[in-house]
Amino acid sequence: MGKDRNGKELPNGISQLKDGAYKGTVMYHGIRKQVCSASLAECKRKLDEARYTLTHCTLVEPSKMTVKAYADTFIAYKSKVVKNGTMRSYSDMLNRYIIPAFGNYRLVDVRKDFLRQWIFKIAEDKASSTTKLIWAVASALFSQAYCDNYITVNPCDGIKLPRSVGATKTATFEDKEQVETFLSNLSVVKDSTFSAMVRFTMLTGLRSGEVRALKWCDVDLHNRTIEVKHTLLADGTLDTPKTDNSHRLVPLSDEAVSILNALRSDLSVVSISGDNFIFCDGNVPYSASKVAYLMNRVVIACGRCFPNITMHSLRHYFATTCANNGMTPKVLMSIMGHANIAITMDLYAHKDDAINRSEMDAVAACL
């Protein structure tokens, strides 16, 4: 076991270089991998990744490893460190876009100019959000291959996405009249539980997966709160919330409590006990596809020029309404389940021109 320059013992396989950086080395069946980092913690993390790759993956000569073969290695590692929902996105992007395009290429043969032309072509046909996700997965794959010493240069480094690929703005209500129009047309779907779920989302700011995953055991009507501790994935399985901050208590308004009480009064005692879902489509929670279909029917009923309101639009509406009516950013951040205020205010609090004008008039009066 080696020691650092201060005489402190270092973990097995790690040594400190003359410049203060740390080098980690692991051997497996005659194959040596080395990692290096300025910090001991990062060096340990990289060494653990290298050790996992060597001991869990088929050993292939680096120069012969194909993108498709390495994708299995990549997924095997990522499944240990990311959430199930993220894993499904990774696998979907790999199988639909990356492997069909250059899965049979050797990793060492994938050139920067090829990747640039490939992602620019995708950007011509796909939404910016889809393009960014595809590129994120491709970049992660080649970054991991670089860390695992299958390639000496990451071909994704330095490539910028087309200028048109930016953040996709979520449609939201433009004024109070649009909100009233939307609510008045909820009846077109002839599903009172769905209508209740939509209004409950507008009152709480929950993500679609979070509101669909709510169970009666998550409700505390005495203290007027709900605990967000699950999200419903696209395949209908439950997962932990999106981030650590997403696991939270959300206070309920009078109307939100009334919605829950009304649902309870319409259900049997068995239906509101234990692990039963609150907002059910028959005996199961609403699927993401069913919700999208019903929301689209409501939007169509609202008229040709109506914004393309989705369940996520309702979350934006909640945040914007709270911000424009004086809720402090710190409280709003907590209710939304964000890690920092910048996400809350920059992404979700849409501008209100009328409020901007009134604020400017108030300042002008003091000048």
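Is Asn 154 buried or exposed, and what is the relative accessibility of Asn 154? At 8% relative accessibility, Asn 154 counts as buried, where buried means under 20% relative accessible area, exposed over 50%, and partly exposed in between, with a 1.4 Å probe and protein chains only. The model is predicted: local features need pLDDT of at least 70 and side-chain atom pairs count only at pLDDT 80 or more, while totals for chains, interfaces and linings use all residues. Residues are numbered from 1 along each chain as its sequence is written, and side-chain values use heavy atoms, with hydrogens and water left out.

**View 1. The loop around Asn 154.** Asn 154 lies in the loop between helix H5 (128-147) and H6; helices (H or I, at least four residues) and strands (E, at least two) are DSSP runs, numbered from the N terminus. Lys 112 is 42 residues from Asn 154 along the chain, and the C-alpha atoms of the two are separated by 8.5 Å.

**View 2. The open sheet E4-E5-E8.** Three strands in the order E4-E5-E8 form an open sheet with antiparallel pairing; two strands pair if DSSP finds at least two bridges between them. Strand E4 (219-220) and strand E8 (248-251) are the edge strands, each pairing on one side only. E4 and strand E5 (residues 225-228) pair in the antiparallel sense over 2 bridges, and Thr 225 in E5 is the bridge partner of Asp 220. The hairpin of E4 and E5 has 4 residues between the strands, and Arg 224 takes a positive phi near 60° there. E5 and E8 also run antiparallel, joined by 4 bridges, and Val 228 stands opposite Arg 248 in E8.

**View 3. The two faces of strand E8.** In a regular strand the side chains alternate between the two faces of the sheet. In E8, Arg 248 and Val 250 make up the covered face, while Leu 249 and Pro 251 make up the uncovered one.

**View 4. Salt bridge between Arg 199 and Glu 255.** A salt bridge is a side-chain nitrogen of Lys or Arg within 4 Å of a carboxyl oxygen of Asp or Glu, and by this rule the count comes to 13 salt bridges. In one of them, the side chains of Arg 199 and Glu 255 meet at 2.8 Å, N to O. Arg 199 lies in helix H7 (residues 192-204) and Glu 255 in helix H9, so the pair ties together parts that are 56 residues apart in sequence. Glu 255 counts as partly exposed, at 35% relative accessibility.

**View 5. Salt bridge between Glu 210 and Arg 248.** The closest N and O atoms of the salt bridge between Glu 210 and Arg 248 are 2.9 Å apart. Because Glu 210 lies in helix H8 (residues 208-212) and Arg 248 in strand E8, the pair ties together parts that are 38 residues apart in sequence. Both Glu 210 and Arg 248 are buried.

**View 6. Salt bridge between Arg 224 and Asp 254.** Arg 224 forms a salt bridge with Asp 254, with 2.5 Å between the closest N and O atoms. The pair links distant parts of the chain, 30 residues apart: Arg 224 is in the loop between E4 and E5, and Asp 254 is in helix H9. Arg 224 counts as partly exposed at 32% relative accessibility, whereas Asp 254 counts as exposed at 55%.

**View 7. The loop around Ile 278.** Ile 278 lies in the loop between helix H9 (254-266) and strand E9 (280-281). With a relative accessible area of 4%, Ile 278 is buried. Ile 278 and Asp 218 are 60 residues apart in sequence, and 9.4 Å separates them in space, C-alpha to C-alpha.
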